[in-house]
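Thanks for coming. I will go through one structure, starting with some of its charged pairs and then moving to an annotated site and the overall fold.

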Amino acid sequence: MSSVRPWRDIMRRQSRQIMVGNVPVGGDAPITVQTMTNTPTEDVGATIDQIRRCEDAGADIIRVSCPTAEATEHFDKITKAANVPIVADIHFHYKRALEAADKGAACLRINPGNIGSSERVAEVVRAAKANGCAIRIGVNAGSLEKDLLEKYGEPCPEALIESALDHIKLLQDHDFHEFKVAVKASDVFLAVAAYHGLADAVDCPLHLGITEAGGLVGGTVKSSIGIGSLLWAGIGDTIRVSLSAEPEQEVKVGYEILKSLGLRTRGVRVVSCPSCSRQGFDVIRTVETLEKRLEHIKTPMSLSVLGCVVNGPGEARETDIGITGGGNGKHMVYLSGVTDHHVKSDDMLDHIVRLVETKAAQIEAGEAVAFDPHAQEAAE
């Protein structure tokens, strides 16, 4: 059956599916959003508190660093408290991987080449198998093996791919196949090229990310370009937006990338104008306030906030709830794409929040569905 709008279709790369705890990754499973805690893992309470905030933001999987024996000593308290699978981030010391696997890690993030001898890799694989752990092979342009740097002269797509394939072989030699792979770089061009090459070479799930992307604004832009272009090409099964910002911000940006491509829906999708002198109300402050006040809404639905009637009615016809600025402090409210009533400036924020909350409750109760202006056309 042909698509109504083929220019919106994304043909997703078919990969094997693995399980990270109870979350499927790859195959036809939804693309998952990850983040990583930045609290000292030894501080169990602070780490659990941060995990809870990330869960509330929508994180599907959360990574926790395990650099020391102290970090893994009470790791089981963290994994038991979490409502999502926890990935143990391991660098160099294979014993940390063994400890984390025994204490509830759903996945071990390792570079098999950094773990040491084949015997140590075998121990990690045995621990992963015994505890039902997946493994994430993490290749990073900033920590490529010396022999590959000497061979290629610099980090390049071929070097990242070769590193990944070498690490994959280490696991496959030990008959381990529950793995996903990342080939990250802070250079968008390098990362994207490496992922394209790796996607052609393997059938395992791919974990996407532009590493060390930067702060909230710059990192969001770089990640959106890199991760977004790969997802648009059908590549990627799980993503982490790496920002010098609080981890819950990474989750929010990750979902916005997926929502923009129609790959995941969660919470309120806001359509809003950049504002100009035609605006009937302060669009920028209104959107800022509404986004904060509607963070608790998990139900997928849409809201348009436009300052005037130039594009306002057209955008409102596409959303569950719309508000378009009018004159004399009175603004038009649209419900399911249709003009419905007016609201005054002083009442507008509370009114819109109530409308969104009511519609979300109705959707959750099965009394309504999120508005799709193209549903009838698609049915035909």
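Which residue forms a salt bridge with Arg-293? Asp-350 does, with the closest N and O atoms 2.9 Å apart. A salt bridge here is a side-chain nitrogen of Lys or Arg within 4 Å of a carboxyl oxygen of Asp or Glu. Arg-293 sits in helix α12 and Asp-350 in helix α14 (residues 345-364), so the pair ties together parts 57 residues apart in sequence. Helices (H or I, at least four residues) and strands (E, at least two) are DSSP runs, numbered from the N terminus.

Before going on, the ground rules. This is a predicted model, in which local features need pLDDT of at least 70 and side-chain atom pairs count only at pLDDT 80 or more, while totals for chains, interfaces and linings use all residues. Residues are numbered from 1 along each chain as its sequence is written, and side-chain values use heavy atoms, with hydrogens and water left out.

Back to the pair. Arg-293 is partly exposed, at a relative accessible area of 34%, and Asp-350 is partly exposed at 38%. The classes are buried under 20% relative accessible area, exposed over 50%, and partly exposed in between, with a 1.4 Å probe and protein chains only.

The count of salt bridges comes to 17. In another of them, the side chains of Glu-295 and Lys-252 meet at 2.9 Å, N to O. This pair links distant parts of the chain, 43 residues apart: Glu-295 is in the loop between α12 and β12, and Lys-252 is in helix α11 (residues 247-260). Glu-295 is partly exposed at 46%, as Lys-252 is at 31%.

Asp-282 and Arg-285 also form a salt bridge, at 3.3 Å, N to O. Asp-282 has 36% relative accessibility, which means that it counts as partly exposed; Arg-285, at 45%, is partly exposed as well. Finally, Arg-12, Arg-13 and Asp-237 are linked in a network of salt bridges.

Next, the annotated site. UniProt, in an unreviewed entry, places the feature "binding site" at Cys-273, Cys-276, Cys-308 and Glu-315. From this set, Glu-315 is in the lining of the largest pocket. On a 1 Å grid over the protein atoms alone, a pocket is an open set of points with protein on both sides within 12 Å along at least five of seven lines, and lining residues have an atom within 4 Å of a point. UniProt positions follow the numbering used here, feature names are shortened, and annotations may be inferred rather than shown by experiment.

Where does Cys-273 lie? Its place is the loop between β11 (268-272) and α12 (283-293). Leaving aside residues up to four places away in sequence, Cys-273 touches Val-283, Val-305, Leu-306 and Gly-307. Contact means heavy atoms within 4.5 Å.

Cys-308 is in the loop between β12 (301-306) and α13 (312-316). Is Cys-308 buried or exposed? Its relative accessibility is 14%, so Cys-308 counts as buried.

Last, the chain as a whole. There are 15 helices and 15 strands. Of the 380 residues, 49% count as buried. Among contacts with a separation of 6 or more, 63% come from residues 24 or more positions apart. The C-alpha atoms fill a box of roughly 75 × 45 × 40 Å, taken along the principal axes.

Conventions. On a 1 Å grid over the protein atoms alone, a cavity is a set of points where a 1.4 Å probe fits but cannot get out, and a pocket is an open set with protein on both sides within 12 Å along at least five of seven lines; lining residues have an atom within 4 Å of a point.
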